[in-house]
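Hi everyone, thanks for making time for this. I'd like to walk you through one structure and talk about a few side-chain contacts. Let me put it up on the screen.

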Amino acid sequence: MTDPRDTPATRADEARVAQEGRRWRAHSRRVRMYRRVLPIIMLVLAGGALTWTVFRTVMSGVERRATQGQEVRLDNPMFHGQDAQGRSFVIGAQGAVRDGTTGHFRLIGPALKLNLGGRKVTEMTADGGTYNEAARTVTIGPNVRISDGGSGFVLTTPEAVVDTRTGIITGSKGVQGAGPIGTINASSYAIYDQGQRVVFNGQGDNKIRGTINPSGSGG
């Protein structure tokens, strides 16, 4: 005798229930696995981040100490030399730091003297600067003051570049000054020929403005 409940519909329902049971058990196993694995993953990631932070901190300290170890600090240094024509120059400073990587000297409170022949000495001061001994250039600034012994001009400018091979002084960040022929305001300047020739150029709104001094006295 056939069980009245053993019908195709009943067997289909039982199959669906069994399949859902298998899915639920598989889902439960995945949930249990995630619950065990996720905390471990989070712990590993947190540990990795902490390790990287500590590593970078240590390496930064090592790099900083290495850089400091390569630097050479000088108090009241004096650099002496001559240009191509045998004229002497002196580069002094309140302090200097030599970069072990580039070999450049970072100058603190530099003061330069270029002997242009006889008593014609050009003196320059600034807040800071860089001496590239290999290229034989000195770049100083800001607050540069140039007292030019050849032309009699006293100039103020944000920056001055001295080529110690030629004795030529240039700047392209603006300049103001006063001298025997009056006052000057220009965009750039260059001092040539032992100070006997000073060239000023103006661009845009920063035109050259000159006021001739009738007395011809030094500024």
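Predicted model: local features only at pLDDT ≥ 70, side-chain atom pairs only at ≥ 80, totals over all residues.

Let's begin with lysine 173, which is exposed, with a relative accessible area of 52%.

What does lysine 173 form a salt bridge with? The partner is glutamate 159, and the closest N and O atoms of the two are 3.2 Å apart. Glutamate 159 itself is partly exposed, at 22% relative accessibility.

How many salt bridges are there in total? The count is two. The other one to show you joins arginine 165 and aspartate 163, with an N to O distance of 3.3 Å. Arginine 165 is partly exposed, at 40% relative accessibility.

Now for the aromatic rings. Four aromatic pairs are counted. One I'd like you to look at is phenylalanine 105 with tyrosine 131: their ring centres are 6.3 Å apart and their planes are at 25°, so this pair is stacked. Here, too, distant parts of the chain are linked, with phenylalanine 105 in strand E5 (residues 105-108) and tyrosine 131 in strand E8 (residues 128-132), 26 residues apart.

If you follow the ring pairs, you'll find Phe79 joining Phe105 and Tyr131 in a cluster.

Last, let's go over to the arginines. Which residues form the positive surface patch here? Arg22, Arg25, Arg29, Arg30, Arg32 and Arg36 do. To take one of them, arginine 30 is placed in helix H1, which covers residues 8-70. Arginine 30 is partly exposed, with a relative accessible area of 40%.

So, to recap: we have looked at two salt bridges, a stacked pair made by phenylalanine 105 and tyrosine 131, and a positive surface patch that includes arginine 30.

Key. Residues numbered from 1 in each chain as written. Heavy atoms only, no water. Patch = residues over 30% accessible without salt bridge, like charges linked within 9 Å, V, L, I, M, F, W, Y side chains within 5 Å. Areas by Shrake-Rupley, 256 points an atom, 1.4 Å probe, with all protein chains shown as cover. Salt bridge = Lys/Arg side-chain N within 4 Å of Asp/Glu carboxyl O. Lys, Arg positive; Asp, Glu negative; His and termini not counted. Charge placed at Lys NZ, Arg CZ, Asp CG, Glu CD. Helix = DSSP H or I, 4+ residues; strand = E, 2+ residues; numbered from the N terminus. Buried < 20%, exposed > 50% of the residue type's maximum accessible area, 1.4 Å probe, protein only. Phe/Tyr/Trp six-rings, centres within 6.5 Å; stacked < 30°, edge-to-face > 60°.
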